[in-house]
2 protein chains.
Amino acid sequence: MHVREFQDMMRQIYFHRDSERGATGTYEWLMEEVEELGEAIKGGDTQAIKDEFADVLAWLASLANVVHIDLEKAALKKYNHHCPKCKKERCNCPL
Amino acid sequence: MHVREFQDMMRQIYFHRDSERGATGTYEWLMEEVEELGEAIKGGDTQAIKDEFADVLAWLASLANVVHIDLEKAALKKYNHHCPKCKKERCNCPL
């Protein structure tokens, strides 16, 4: 599924709620999901890790909907088969 | 671009660095990018917001590569045109 289609799907399921919650509230939920992803990785349960990755992507798409950003377009503009800093296809930036 | 293709592109550009940094270090970078996204949204500069969305998606994909999770598969298993909690196509969960 395209990133844009996933974002559209999130809009279909959640935009009526996300738009009421607003950018700040939706961002706070995203942050909470990122923290849960960190805990899941520490815990090592593969299914929990998969679920938390799903949640972070879902809330990132929801937040993009609330602030009217096309996540796929933004991502491909910055990362288009090369590192945006060193411009290499295999990043060679100084560590 | 499919979520999986984006994740593969991140692997091509960054996996040699991400895998050395490991899951904890890559997670810390993701968290930093999420914080920068929050600052950008507060700041209100559209280009900065787009750049930070790009970075969060990029680091989420990098982290998924490090812990060997297929981000698209995980996301579509949990969010497949309905809310995973109330099972509705338009979420109707109690607030």
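This is a predicted model: local features need pLDDT of at least 70, side-chain atom pairs count only at pLDDT 80 or more; totals for chains, interfaces and linings use all residues.
Student: How do you know what span to expect for H2(A), residues 46-66?
Tutor: Expected span is 1.5 Å times one less than the number of residues. H2(A) has 21 residues, and the expected value is 30 Å. From first C-alpha to last, H2(A) reaches 30 Å, close to that.

Student: What makes H2(A) mostly covered?
Tutor: Buried means under 20% relative accessible area. In H2(A), 16 of the 21 residues are buried.

Student: Why is the pair Lys78(A) and Asp55(B) called a salt bridge?
Tutor: The limit is 4 Å from a Lys or Arg side-chain nitrogen to an Asp or Glu carboxyl oxygen. In this pair the closest N and O atoms are 3.0 Å apart, so the pair qualifies. Between chain A and chain B the count is two salt bridges.

Student: Which helix gives the most to the side of chain A that touches chain B?
Tutor: H1(A) does, with 18 residues. By class, that side has 36 nonpolar, 10 polar and 11 charged residues.

Student: How much area do chain A and chain B bury between them?
Tutor: About 4900 Å², with 72% of it on carbon and sulfur atoms. Met1(A), Phe53(A) and Tyr79(A) supply 15% of the area chain A buries against chain B, more than any other three residues.

Key:
Residues are numbered from 1 along each chain as its sequence is written. Chains are lettered from A and ligands numbered from 1 in the order in which they are written. Side-chain values use heavy atoms; hydrogens and water are left out. Helices (H or I, at least four residues) and strands (E, at least two) are DSSP runs, numbered from the N terminus. Buried means under 20% relative accessible area, exposed over 50%, partly exposed in between (1.4 Å probe, protein chains only). Buried area is the accessible area (1.4 Å probe) that two parts lose on being put together, summed over both. Ala, Val, Leu, Ile, Met, Phe, Trp, Tyr, Cys and Pro count as nonpolar, Asp, Glu, Lys and Arg as charged, and the others, Gly among them, as polar.
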